Amino acid sequence: MKRLSILILLLSLPAALFSDYVDIADVLKETGSSLEYDTLLESGMLASGRTRVSFTVNAPWIIVNDGVKLSTPGIRREKGRLLIPEETAAKIIGVFRGDESPGRVFRVGAIVIDPGHGGRDSGASYTHTVNGKKVRISEKDVVLKAGFMLYELLKKRFPDKVVLMTRTRDVTLSLEERPEIANSISLGEDEAIIYISLHANASLSGTARGFEVWYLTATYKRNLLSTASVDSEYHDILPIMNSMQDEEFTRESILLARSIMQQLETAVGKETENRGLKEGEWLVVRKAKMPSILIELGFLSNRDEALKLASDEYLQKLSFAIYNGVSSFIEKFEQSNAFTE
Ligand SMILES: [Zn+2]
């Protein structure tokens, strides 16, 4: 009986009585900062001079000066008190002292090039007559060739990044296998991957022509973080973490798509149609847990455009434009520290 009541007493002790949490009042005193706290949003900000540290209850991070996110154990709220894990408190104190460098450096660690179709799946495939001879032009071959060209350019420009093709031969890959290849690349915590899918178009109308760049619709929610990849104590805020990550990927996908679009317009805008940026729910893009876009290089159903797409010269122009678009996105991404500065 006695033992049981001791056990109950132990279980009901507030976390504050254990040494690994400190009351926020102590941190405010230590840093000389003041607290603004919103009980509805359960988020707050410590401020002193020009330094600010924001937090949300239970979220595994703090945000320094509206920009840099530091991973830290979550702050708890119990019986009206805000309790800060010691590790988090030390980081906050460090930020105010100026000795905790918030300097996370974000970079693009890998670029995945995904030539569509392959093997049994030819994609769009048309036979056109050239000088009385029939020529078969298939999407799987055109995009593989363009993929190699893009690979060579990116590898030379970014020797320190992983540049990977989902296929380098005429093989069949399922739509699930493609993003899996990309999702399985292991990266540093502050490294991003970008995913570029290459396709060619077809239309019932023989006159349709031009290039398109697709990104995922902003309303589609990816499942980026699963309960398996996140500590159990954060499971209740998983939807919030998911949508924050998702918005970031969508924003970056649009910027990447725009950057490539501009370069394609400059390179071939005069000789074919710029069909613009498009939003879609492409499966292959949807499953990639990273900023990802899909490029339609041109129409194989259009005889003139198909013949151009079958020529190295035109394909080189397109690849070089895509390369320029990707490079300029990466430069901006890295110079602005993943658009946080
Ligand atoms: Zn395709």
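## Salt bridges

A salt bridge is a side-chain nitrogen of Lys or Arg within 4 Å of a carboxyl oxygen of Asp or Glu. This is a predicted model, in which local features need pLDDT of at least 70 and side-chain atom pairs count only at pLDDT 80 or more, while totals for chains, interfaces and linings use all residues. Residues are numbered from 1 along each chain as its sequence is written, and side-chain values use heavy atoms, with hydrogens and water left out.

The salt-bridge rule gives a count of 14. Side chains of opposite charge can pair when their charged atoms come close. One of the salt bridges joins the side chains of glutamate 191 and arginine 107, at 2.5 Å from N to O. Glutamate 191 belongs to strand 13 and arginine 107 to strand 9 (residues 107-115), so this pair ties together parts that lie 84 residues apart in sequence. Helices (H or I, at least four residues) and strands (E, at least two) are DSSP runs, numbered from the N terminus. Glutamate 191 counts as partly exposed because its relative accessibility is 28%, and arginine 107 counts as partly exposed at 22%.

## Further pairs and a network

A second example is the salt bridge between the side chains of arginine 178 and aspartate 114, at 2.7 Å from N to O. This pair links distant parts of the chain, with arginine 178 in helix 5 (residues 177-183) and aspartate 114 in strand 9, 64 residues apart. Both arginine 178 and aspartate 114 are buried.

The side chains of glutamate 331 and arginine 157 also meet in a salt bridge, at 2.3 Å from N to O. Glutamate 331 lies in helix 9 (residues 312-335) and arginine 157 in helix 4, so the pair ties together parts that are 174 residues apart in sequence. Glutamate 331 is partly exposed at 36% relative accessibility, and arginine 157 is partly exposed at 33%. Salt bridges with shared partners join Arg107, Asp160 and Glu191 into one network.

## The zinc site

The zinc ion has three protein donors, His117 (NE2), Glu139 (OE) and His199 (ND1), lying 2.0 to 2.1 Å from it. Donors are N, O and S atoms within 2.8 Å of the metal (3.2 Å for Na, K and Ca); water is not among the atoms, so sites may look incomplete. Along the sequence, the donor residues are spaced H-x21-E-x59-H. Glutamate 139 in helix 4 (residues 139-157) and histidine 199 in strand 13 (residues 191-201) form a pair that links distant parts of the chain, 60 residues apart. Glutamate 139 and histidine 199 are both buried.

## Helix 4

The expected span of a helix is 1.5 Å times one less than its number of residues. The 19 residues of helix 4 should therefore span 27 Å, and the end C-alpha atoms of this helix are 27 Å apart, which agrees. Buried residues in helix 4 include Glu139, Val142, Val143, Ala146, Met149 and Leu153.

## Nonpolar cores

A nonpolar core is a set of buried Ala, Val, Leu, Ile, Met, Phe, Trp, Tyr and Cys residues joined through side-chain atoms within 4.5 Å. The largest core has 49 residues, of which Ile295 and Leu297 touch the most other members. Helix 9 supplies the largest share of this core, ten residues. Another core lies apart from it, with 19 residues, among them Val57, Leu70, Ile75 and Val95.

Contact means heavy atoms within 4.5 Å. With neighbours within four places in sequence left aside, the contacts of leucine 297 include Val142, Val143, Ala146, His199 and Phe211.

## Two loop residues with positive phi

Most residues other than glycine have a negative phi, and most peptide bonds are trans. Lysine 79 has a positive phi, near 50°. Lysine 79 sits in the loop between strand 7 (76-78) and strand 8 (81-85), and is exposed, with a relative accessible area of 77%.

Asparagine 131 likewise has a positive phi, near 50°. The loop that holds asparagine 131 runs between strand 10 (125-130) and strand 11 (133-138). Asparagine 131 counts as exposed at 78% relative accessibility.

Technical notes. Buried < 20%, exposed > 50% of the residue type's maximum accessible area, 1.4 Å probe, protein only.
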